[in-house]
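The sequence and the structure come first, and the description follows.

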Amino acid sequence: MSHDYAAQKAETVRVFEEMSTQNGMPDSADIDYFLIPVAEDANWRALADVLTRQGYACEYFDEDQDAESPYLTATLLDQAVSAQGIWIGEEVATQHALEHGFAPDGWGLEA
C-alpha cells in the first residue's frame, strides 16, 4: 500500500500550529493516534501487539461499543508536546498500521 508520509506530516504540523494558536498546548500530554481498518484482513490484535512492544498503550473499539466504525487507539503516555514529537509517534504508528491493514485517522491530546 502506497502512503504519502510527506502530506501526512504536513497535515500534522498544520493542525498542531492551528491548535497552538487557538488554544495553546500543554507542555506534556498523552498523545492518541487513531487507526482505522481499511483491509478485509485487518488484524487489530497483531497491530496492538506490535505497537505495545513499541511503547504504545492500545485499545480497540468496535461498533458494539458505540463507535460509528471500528478503530484502534494507540497512545503514547506523558509525552513532551511538539509538532515534531507528535509526528515521530504518528509515523511509527502509521508504518505498523499499514502493515496490518489499518490507516491513520488523526491524533489527539489528553492533558
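## Crossing of α2 and α3

The crossing of α2 and α3 is right-handed, where a crossing is called right-handed if the near helix is turned clockwise from the far one by less than a right angle, and left-handed if anticlockwise. The model is a predicted one, in which local features need pLDDT of at least 70 and side-chain atom pairs count only at pLDDT 80 or more, while totals for chains, interfaces and linings use all residues. Residues are numbered from 1 along each chain as its sequence is written, and side-chain values use heavy atoms, with hydrogens and water left out.

Helix α3 covers residues 83–99, and α2 packs against α3 at an angle of about 150°, the two axes lying 9 Å apart; helices here are DSSP runs (H or I, at least four residues; strands are E, at least two), numbered from the N terminus. The axes are lines fitted to C-alpha atoms, for helices over the stretch in contact, and angles run from 0 to 180 degrees between N-to-C directions. The two helices α2 and α3 are therefore roughly antiparallel to each other, on a scale where angles under 35 degrees count as roughly parallel, over 145 as roughly antiparallel, 65 to 115 as roughly perpendicular and the rest as oblique. In this contact (heavy atoms within 4.5 Å), Leu 47, Val 50 and Leu 51 of α2 meet Ala 93, His 96 and Ala 97 of α3. The residues of the contact of α2 with α3 divide into 5 nonpolar, 1 polar and no charged, with Ala, Val, Leu, Ile, Met, Phe, Trp, Tyr, Cys and Pro counted as nonpolar, Asp, Glu, Lys and Arg as charged, and the others, Gly among them, as polar.

## Ala 93 in helix α3

Ala 93, found in helix α3, counts as buried at 1% relative accessibility; buried means under 20% relative accessible area, exposed over 50%, and partly exposed in between (1.4 Å probe, protein chains only). Leaving aside neighbours within four places in sequence, Ala 93 is in contact with Tyr 33, Leu 35, Leu 51 and Tyr 56. The C-alpha atoms of Ala 93 and Thr 75, which are 18 residues apart along the chain, are separated by 9.6 Å.

## Crossing of α1 and α3

The packing of α1 and α3 has an angle of about 140°, with the axes 10 Å apart, and the crossing of α1 and α3 is right-handed. Residues of α1 in this contact include Tyr 5, Val 13 and Phe 16, and those of α3 include Ile 86, Trp 87 and Leu 98. The residues of the contact of α1 with α3 divide into 7 nonpolar, 5 polar and 3 charged.

## Salt bridges

The structure holds 3 salt bridges, each defined as a side-chain nitrogen of Lys or Arg within 4 Å of a carboxyl oxygen of Asp or Glu. In helix α1 (residues 5–23), Arg 14 and Glu 11 are 3 residues apart, so about one helical turn separates them, and their side chains meet in a salt bridge at 2.7 Å, N to O. Glu 18 and Arg 14, 4 residues apart in helix α1, form a salt bridge at 3.1 Å, N to O. Arg 14 is partly exposed at 41% relative accessibility, as are Glu 11 at 39% and Glu 18 at 40%.

In helix α2 (residues 44–53), Arg 53 and Asp 49 are 4 residues apart, so about one helical turn separates them, and their side chains meet in a salt bridge at 2.8 Å, N to O. Arg 53 is exposed, with a relative accessible area of 61%, whereas Asp 49 counts as partly exposed at 40% relative accessibility. Salt bridges that share partners join Glu 11, Arg 14 and Glu 18 into one network.
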